[in-house]
Amino acid sequence: MNDIQPPSEQKILIIRFSSIGDIVLTTPIIRCVKQQVPGAKVHFLVKKNNATILESNPHIDKVHLFEGDSDAIIKELKAEHFDFVADLQKNHRSRKLVKKLGCTHETFPKCNVKKAVLVGTKMNFLPEKHIVDRYFEAVAPLSVHNDGQGLDYFIPEEEKFDIQDLPAGFEEGYIAVAVGAKHATKRIPVEKIIEIGNLLYKPMILLGDRNDFGAGEEIATQMNGKAFNACGKYSLNTTASIVEQSDCVLTADTGIMHIAAALHKPITSLWGNTVPELGMYPYTAPNAPECRIFEIPYLKCRPCSKLGFDKCPLKHFKCMNLISSYEVADWINQF
């Protein structure tokens, strides 16, 4: 493939509709395109409910919001006259959209067949390559390379969290805990969070959306003041600010994990039905704090999905339940 010789100004569209973690993982691409392509005007197409992740990113010139109307967004994008499109979604909808734009474009190896083989047979033929590094293949024609500086997350000043608003006992630090995840088999069980929390030196702030509020209340009630339930109370950016000011982040394979990596926080990550070999483990920058993944690698049923289920297909959820709460707490307590 021949490299594209950019004009003095080149308008570039990056496509990634969702989800939170996947969009955060595109930030090295955004930054490197902006910094390495002379005169680049970087646009990003994203679902409206995920736009908050990108709106404060100084490397993006314009965010386009996809609200389900393909005809409307195609009309809007055609008016921009893009020189190049990097399709980091690579699904039927994005391919159709790129085709209608009719400009030079590239995508990345999504490896869906190899992922399916790993899930179905437990035989791993996936490249030992993080998805971020695979994303860079989509901008290789622009002579863009990975600068090795990791992920970005920019928090607007007006959405930063004031730790003075926390209850007494949190002044000397806290552990940020991701309660929620889109799929139940990715979530850390409530009982496990309580067990770990009772072994920690510092209190916990529980993070999630409104759907996680009930679980957060159960944990906070049983922790007798050692946990503050922030689930559903704050915006995503304010939640990121809580992560930024924490001593360590306890999370499953979730968007909070990637936000924590972008904010250079120590990460303690518990993995259930998914596995790091799928290429979505924490993407940390050089000299970033340590990251520790806890998993039960010998279970023959892992991975049972590349995404997740509403409940464990085998009804035992050993992938999470067998992780040692003592080992997790011991790791966190060093911070």
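This is a predicted model: local features need pLDDT of at least 70, side-chain atom pairs count only at pLDDT 80 or more; totals for chains, interfaces and linings use all residues.
Start with the surface. Six residues, Lys47, Lys78, Arg93, Lys96, Lys100 and Lys182, come together there as a patch of positive charge. The biggest share comes from helix H4, spanning residues 92-101, which puts in three residues. Another member of the patch, Lys47, belongs to strand S2, which covers residues 40-47. Lys47 has a relative accessibility of 31%, so it falls in the partly exposed class.

Next, the cysteines. The disulfide count for the model is zero. A pair of cysteine sulfur atoms has to lie within 2.5 Å to be counted, and for Cys301 the closest cysteine sulfur, that of Cys312, sits 6.4 Å away, which is too far for a bond. Cys312 is likewise in no disulfide, and its nearest cysteine sulfur belongs to Cys319, at 6.2 Å. As for cover, Cys301 is partly exposed, with 22% relative accessible area, while Cys312 comes out at 15% and counts as buried. The cut-off for buried is under 20%, so the value of 22% leaves Cys301 in the partly exposed class.

Asn50 is located in the stretch between S2 and strand S3 (62-66). In sequence, Asn50 and Leu65 are 15 residues apart, and their C-alpha atoms are separated by 8.9 Å in space.

Conventions. Residues are numbered from 1 along each chain as its sequence is written. Side-chain values use heavy atoms; hydrogens and water are left out. Patches are made of residues with over 30% relative accessible area and no salt bridge: like charges are joined within 9 Å, nonpolar side chains (Val, Leu, Ile, Met, Phe, Trp, Tyr) within 5 Å. Accessible areas come from the Shrake-Rupley method with a 1.4 Å probe; for residues, only the protein chains shown count as cover. A salt bridge is a side-chain nitrogen of Lys or Arg within 4 Å of a carboxyl oxygen of Asp or Glu. Lys and Arg count as positive and Asp and Glu as negative; His and the chain ends are not counted. The place of a charge is taken as NZ of Lys, CZ of Arg, CG of Asp or CD of Glu. Helices (H or I, at least four residues) and strands (E, at least two) are DSSP runs, numbered from the N terminus. Buried means under 20% relative accessible area, exposed over 50%, partly exposed in between (1.4 Å probe, protein chains only).
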